[in-house]
Protein chains: 2
Amino acid sequence: MKKKKGNTIQFLNPPSILSHAAVGGKKEGDGPLSSEFDIISDDDYFGKNSWEFAETSLQHKTAMLALDKAKLSTNSIDFVISGDLQNQCTATHYSMRLVPSAFLGIYGACSTMCESLALSAMLIAADYAENILCGTSSHFCSAEKQFRFPLEYGGLRTPTSQWTVTASGFAIISKTESPYKITHATIGRIVDKGITDINNMGGAMAAAAADTILNHFKDTGRKPADYDLILTGDLGVIGSDLLKDILNEQKCDIYPNHKDCGMMIFGKNQDVHAGGSGCGCCASVLCGHIMNEFERGNLKRIAVIATGALMNPTTVLQGESIPSIAHLVTIEKSPN
Amino acid sequence: MKKKKGNTIQFLNPPSILSHAAVGGKKEGDGPLSSEFDIISDDDYFGKNSWEFAETSLQHKTAMLALDKAKLSTNSIDFVISGDLQNQCTATHYSMRLVPSAFLGIYGACSTMCESLALSAMLIAADYAENILCGTSSHFCSAEKQFRFPLEYGGLRTPTSQWTVTASGFAIISKTESPYKITHATIGRIVDKGITDINNMGGAMAAAAADTILNHFKDTGRKPADYDLILTGDLGVIGSDLLKDILNEQKCDIYPNHKDCGMMIFGKNQDVHAGGSGCGCCASVLCGHIMNEFERGNLKRIAVIATGALMNPTTVLQGESIPSIAHLVTIEKSPN
């Protein structure tokens, strides 16, 4: 049923992506992928009265939409696998208390979408479950409040900083057949190259992305040209350049078909400096635009690498560097 | 290889617990389980200069000890599965960046030990791995600083409050045979009965523990008397009483063989009010005392239920209640 080599699992009977949903906020609705979201909300509070519960509401709405699109009720879901950026994964726990399924909480910072997809595929392929609901979210205002400054303070942003996306993406991974399969998962390891600048997370995460991508090619014997698209989560402009530099040194050229969700979700005129970031960046671009591209017949086989900066504001103030991680899954449209 | 019913997985070819290690702080060394720890440190800073890195050092020391006792190097570990209570699971990420294995980060608050054991057993039983390093930690000082008040403030503690344990427990779950097997895992769901008192986490978690225990008995057809010991994680005095009340109403009497790690780790003279708590409580009691009891021939079959309060200090201040979760694993000594 599966084959493991190095850190890569190949699913010989690959699980399906049965449905996918993406919901975004106002700024995401002003961006180039606006029409690719299922819902764009003009209300960044999503009907609630705190940023914490705005994100909870956003995440719940997206998860329910993924269920609706799969024509499943929560009773058909064996496991929920999710997490988010808020301390104690608040958005996830408060949204998923409304779902009566067994729950496995994960924390992978912005690598969460691929960690949840990889674990879901592993549990489905091993017959532990029929259907798993997986996904994540992020919210600009809850993230700024928690990781940086209160919005009212109006802190200046450095050119390397990225803008946390207000969005959520969820998918149902299933034994039920669909044309879209998760064929491999390469689980990342924690990489720390000593970057201490909390405003250069793309730079910190690039090394982890490179490690996982190189492991994936080594484990599978594949090369960059075997994929229509190599999609990183939220490296942004600086992290993406650094990733290509690191990979080029290893004679691995992903340039022709690399894209980064953080560089896709906002337009150049949207003043987001180095690009988008946050768990919801990769989640919503993948569960919106990218899966739509599969359905339009424009993609056949991709590798998605969600990258997470595993730092904590306190330890960074203590002078520590930023450990990072990247998990990779491959998605393929089955030929028939 | 496995059978799933409800939220319970039965491992027909159950993974082994190859080794276990527990490290504790000074107060834990003054308690009744003192001699059951592999190491008791008189230095609550564990050689570091911040509480965050004290816990990092504690966790790393415990993980390395579990590896040593299994005579394995980090190269033999396929996955690390762990998490902790610090925001962004800091202790875990900074300790596990020293381990070059594939890493899956989880967040389950004080349910983390059983979530990591359950996931490890699932991945081993499904042939995704040979050896998985799993565990967690907590530290009184890092937890107080983050969740409550700075230590210097000297805040009063309510009678229902619990004392976060300074300890860590790690285990190696393996395909390699040992006499100690994980035979079942019952994955919990998020339960919220409306408790809003952040100083009564045992009360909030009791409902989640009851839900998972009842599901376990329903799914397996077993009854409380089938276990030598039904061990909850850190319900403390108040949560344990509440758990028994809830279960008695459902005609499920666990009283004769129930124990709670939070009530075992400290003595009555240690001024901890309702008992111990924190991820490290269940982890260190299980990976120390309980596994030692198995080895001394005093236990044959137990159910461990680690319980987690999934609240966030901000949302509790916003008036929200405390969602909780409990995951259960059963451990059995094989007859031969």
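The model is predicted: local features need pLDDT of at least 70, side-chain atom pairs count only at pLDDT 80 or more, and totals for chains, interfaces and linings use all residues. Residues are numbered from 1 along each chain as its sequence is written, chains are lettered from A and ligands numbered from 1 in the order in which they are written, and side-chain values use heavy atoms, with hydrogens and water left out. Helices (H or I, at least four residues) and strands (E, at least two) are DSSP runs, numbered from the N terminus.

**Helix contacts in chain B**

- Helix α6 (residues 201–220) and helix α7 (residues 236–249) of chain B have axes that come within 8 Å and cross at roughly 40°. Axes are lines fitted to C-alpha atoms, for helices over the stretch in contact, and angles run from 0 to 180 degrees between N-to-C directions.
- α6(B) and α7(B) are therefore oblique to each other. Angles under 35 degrees count as roughly parallel, over 145 as roughly antiparallel, 65 to 115 as roughly perpendicular and the rest as oblique.
- The α6(B)–α7(B) crossing is right-handed. A crossing has that hand if the near helix is turned clockwise from the far one by less than a right angle, and is left-handed if anticlockwise.
- On the α6(B) side, the contact includes B:G202, B:G203, B:A206 and B:I213. On the α7(B) side, B:G239, B:L242, B:L243, B:I246 and B:L247 take part. Contact means heavy atoms within 4.5 Å.
- By class, the α6(B)–α7(B) contact has 10 nonpolar, three polar and no charged residues. Ala, Val, Leu, Ile, Met, Phe, Trp, Tyr, Cys and Pro count as nonpolar, Asp, Glu, Lys and Arg as charged, and the others, Gly among them, as polar.
- Helix α4 (residues 112–125) and helix α9 (residues 279–295) of chain B have axes that come within 7 Å and cross at roughly 60°. That makes α4(B) oblique to α9(B).
- B:T112, B:M113 and B:L117 in α4(B) meet B:C279, B:A283, B:L286 and B:C287 in α9(B). These residues divide into six nonpolar, one polar and no charged.

**Strand β9 of chain A**

- Eight of the eight residues of β9(A) (residues 167–174) are buried, so the strand is largely enclosed by the rest of the structure. Buried means under 20% relative accessible area, exposed over 50%, partly exposed in between (1.4 Å probe, protein chains only).
- Both faces are covered. A:A167, A:G169, A:A171 and A:I173 are buried on one side, and A:S168, A:F170, A:I172 and A:S174 on the other.
- Strand β3 (residues 16–24) of chain A runs antiparallel to β9(A), joined by eight bridges. A:A21 has A:F170 as its bridge partner. Two strands pair if DSSP finds at least two bridges between them.
- Strand β7 (residues 131–138) of chain A is also antiparallel to β9(A), with eight bridges. Here A:C134 stands opposite A:A171.

**Single residues**

- A:E293 sits in helix α9 (residues 279–295) of chain A. A:E293 is buried, at 18% relative accessible area.
- A:E293 and A:E36 are 257 residues apart in sequence but 9.5 Å apart in space, C-alpha to C-alpha.
- Not counting residues up to four places away in sequence, A:E293 touches A:N298 and A:L299.
- A:D271 is not a glycine, yet has a positive phi of about 55°. A:D271 lies in the loop between α8 (261–264) and β13 (276–277) of chain A, and counts as exposed at 55% relative accessibility.
- B:F46, also not a glycine, has a positive phi of about 45°. B:F46 lies in the loop between β4 (39–40) and α2 (51–69) of chain B, and counts as buried at 7% relative accessibility.
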